[in-house]
Structure formats: structure tokens, C-alpha cells
Amino acid sequence: MVTRPDESLARIPGPWTHRSVHAGNGMFHIAEAGEGPLVLLLHGFPQFWWTWRRQLVSLPEAGYRAVAVDLRGYGASDKPPRGYDLPTIAGNIAGLVRALGETCAIVIGHDWGGLVAWTMAAMDPKVVRRLVTVSAPHPLRLRQAMLTEPFGQLKASGHLLGFQLPLLPERRLTKNGAARVGRMLEAWSGPEWPQEDVSRTYQDVFRIPTVAHCALEYHRWFMRSQIRPDGRRYRRLMRAELEMPTLQVHGALDTCTLPRTAQGSSRYVAAPYRWRLIEGAGHFPHEERPEQFDEELLNWLRDPEPDR
């Protein structure tokens with residue numbers, strides 16, 4: 001008999017504590033460790049909070065309270081039928097900061113988590129003390145690159161276009177033990193990552209019922225909103241110049257979100273801004289090159305004037 005994966009798979013033990021926190025109109029599963037200033041860690045696709053397992057060790061050692069979140073629809077967080085647009089998710093995560101007893105946080109987001117972080121910074125800037133985006137261009141820069149570079153970022157984002165079909169993408173992602181999830185991780189990363197056990201963990205958790213559908217709803221909203229009034233409202237919102245120090249980290253070998261796409265994001269930041277390219281890493285630099293990533297991150301966090 002084949003057993004169906006359940007949310008317990010997402011509660012991986014380690015030097016952290018698991019709990020669920022109510023924020024906005026849903027429950028978010030978090031893994032937290034350490035004491036000090038709050039650092040909120042937001043994962044991307046097709047992953048879950050566990051992508052930050054190394055930072056859940058390094059950040060507490062450096063004196064921070066690290067909280068890694070399962071975004072809505074992922075892992076052990078709520079999986080409602082709607083609410084996967086970036087403004088709604090960003091508003092919920094801002095509410096999560098307050099639910100954790102803080103007025104603001106250092107927000108670090110990878111991939112879709114990075115798009116959520118950019119959106120939080122524009123929507124509710126008082127909640128974002130500092131901003132770190134990993135493999136995540138500013139949403140307006142991503143849109144521009146997809147429109148103007150058909151053989152560049154648009155080609156690299158071909159999976160996003162394919163996800164617009166109903167039902168079929170979910171089936172393709174989850175069949176054969178979510179083998180396609182493993183293939184995407186390997187295709188988007190640099191050499192020698194992921195290891196088989198890492199890939200299997202992501203594949204297993206992605207097979208939790210409705211996770212695949214919820215994860216794809218992010219992609220569907222992003223594309224379909226481009227021609228709808230909610231998309232126009234979102235783009236107006238995102239034109240705001242950001243006033244918090246910002247670090248942007250990218251892997252030099254990223255074939256999913258091209259480095260040149262991400263580099264154009266600095267035009268939306270009026271505050272001190274720093275760009276760091278990690279050689280030898282693809283789309284997941286915090287996992288592929290964790291020592292180098294942590295060095296860049298912690299040096300920037302320690303810098304009172306991070307303007308270079």
C-alpha cells in the first residue's frame with residue numbers, strides 16, 4: 001500500500017522549534033531558533049522552509065532570531081483555495097511579523113519569497129527593517145525583462161508560461177514521486193547540487209496534497225494579472241522607491257532568473273544598496289554555497305552603513 005505524504009513531512013527535526021502562528025486570514029507553519037533581532041526567511045519554488053536550514057544555525061550563532069516560514073500553500077501552512085497574489089501574501093507576512101511580537105524584521109526572500117519580500121517593502125515599508133533578496137529581481141524588472149528579452153529571461157521563464165494550463169502541470173509535477181521537481185532543482189542549480197537526499201526531501205514534501213496546486217497559483221496570478229486591473233494596481237504600487245538598506249544576492253550560473261535581469265533592480269531602491277554575485281552557484285546560492293552566502297549576509301548585517 002502506498003501512503004500519501006502528509007504535513008508531518010514538513011516538520012523536520014533540528015536545532016529549531018516548530019509551531020503554527022495565525023496571521024492575516026490563515027495559519028503559517030514556522031521553524032525558529034535563536035534570540036535577538038528578528039530575521040524572517042521566505043522560501044521559493046519548489047521548496048519550503050527547510051531551504052533555510054543552514055541559516056537557522058548561522059543566524060542564531062550571530063545573535064539573531066531566525067524564523068523560516070512555509071509560505072501559504074506550502075509545507076505545513078494553510079492551503080486555502082485562493083489568496084496567492086503577491087499583495088495578499090505580502091500583507092499576511094507583514095501580519096506574521098506583528099504576530100511574532102515585533103514591529104519590524106530583517107526580511108530575506110528567495111525566488112518567490114523574494115518577490116513577496118520586494119512587495120512587503122513597497123506595501124508596508126515600516127515592517128521591513130532591512131531587505132535581502134536572493135535570486136529574485138524586483139517584480140517590475142522581471143516583467144520588463146520578460147517583455148523585452150524573448151531569448152533571454154522569457155525563455156528562461158518558460159516553465160512559468162507552461163504552468164498556466166489547468167490541472168495538467170500539477171499532475172506532471174507530482175507523478176513518479178515528483179520526479180520533475182528534482183529535475184528542476186538540478187537544472188536550475190550549479191554543479192554538484194542537489195544531493196540525492198536533498199532532492200528527495202523536496203520531492204516528498206511537494207507531494208503533500210494540494211501543495212502543487214497552491215504553488216502553481218502564484219505563477220498563474222503573476223501572469224494572468226498582467227492584463228487585469230489588479231495587475232495594473234500592483235504595478236503602480238511597486239513603483240515606490242524603497243527606503244530600507246537592500247542586499248541583492250544572485251548565483252552567477254542561475255539559468256532560471258538570469259543575473260542580468262536581477263541587476264536592473266537597483267533603480268527601485270533609494271536607500272543603500274549592495275549587489276553580490278556568488279560564483280559557481282545557480283538559482284539556490286544559500287544552499288549551494290552556504291558558507292559564502294552566510295559570509296556576505298552577515299558582513300552586510302553587521303555593517304551600519306551598507307552602501308557598497
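Analyst: Before we begin, helices and strands here are DSSP runs numbered from the N terminus, a helix having at least four residues and a strand at least two. The model is a predicted one.

User: Where is P194 found, and which residue does a cis peptide bond join to P194?

Analyst: P194 is found in the loop between α7, which covers 168-188, and α8, which covers 196-206. The peptide bond concerned has an omega of about 0 degrees and is cis. The residue joined to P194 through this bond is W193.

User: Is E192 buried or exposed, and what is its relative accessible area?

Analyst: E192 has its place in the loop between α7 and α8, and its phi is near 70 degrees, a positive value in a residue other than glycine. The term exposed applies over 50% relative accessible area. E192 is therefore exposed, its relative accessible area being 74%.

User: What is the phi of N176, and in which helix is N176 found?

Analyst: Most residues other than glycine have a negative phi. N176, however, has a positive phi, near 55 degrees. N176 counts as exposed at 64% relative accessibility, and the helix in which N176 is found is α7.

User: Which residues form the positive surface patch, and how exposed is R233?

Analyst: The positive surface patch is formed by R232, R233, R236 and R239. R233 has its place in helix α10, which covers residues 229-237. Partly exposed residues fall between the buried limit of 20% and the exposed limit of 50%, so R233 is partly exposed, with a relative accessible area of 48%.

User: How many helices and strands does the protein chain have, and what is its radius of gyration?

Analyst: The secondary structure of the protein chain comes to 13 helices and 8 strands. The globule rule gives 19 Å for 308 residues, and the chain comes close to that value, so it is as compact as a globular protein of that length, with a radius of gyration of 18 Å.

User: What share of the 308 residues counts as buried?

Analyst: The C-alpha trace of the protein chain spans about 60 × 45 × 40 Å along its principal axes. A residue counts as buried under 20% relative accessible area, and of the 308 residues the share that counts as buried is 59%.

Notes
Residues are numbered from 1 along each chain as its sequence is written. This is a predicted model: local features need pLDDT of at least 70, side-chain atom pairs count only at pLDDT 80 or more; totals for chains, interfaces and linings use all residues. Side-chain values use heavy atoms; hydrogens and water are left out. Patches are made of residues with over 30% relative accessible area and no salt bridge: like charges are joined within 9 Å, nonpolar side chains (Val, Leu, Ile, Met, Phe, Trp, Tyr) within 5 Å. Accessible areas come from the Shrake-Rupley method with a 1.4 Å probe; for residues, only the protein chains shown count as cover. A salt bridge is a side-chain nitrogen of Lys or Arg within 4 Å of a carboxyl oxygen of Asp or Glu. Lys and Arg count as positive and Asp and Glu as negative; His and the chain ends are not counted. The place of a charge is taken as NZ of Lys, CZ of Arg, CG of Asp or CD of Glu. Buried means under 20% relative accessible area, exposed over 50%, partly exposed in between (1.4 Å probe, protein chains only). The radius of gyration is taken over C-alpha atoms; the globule rule is 2.2 Å times the number of residues to the power 0.38.
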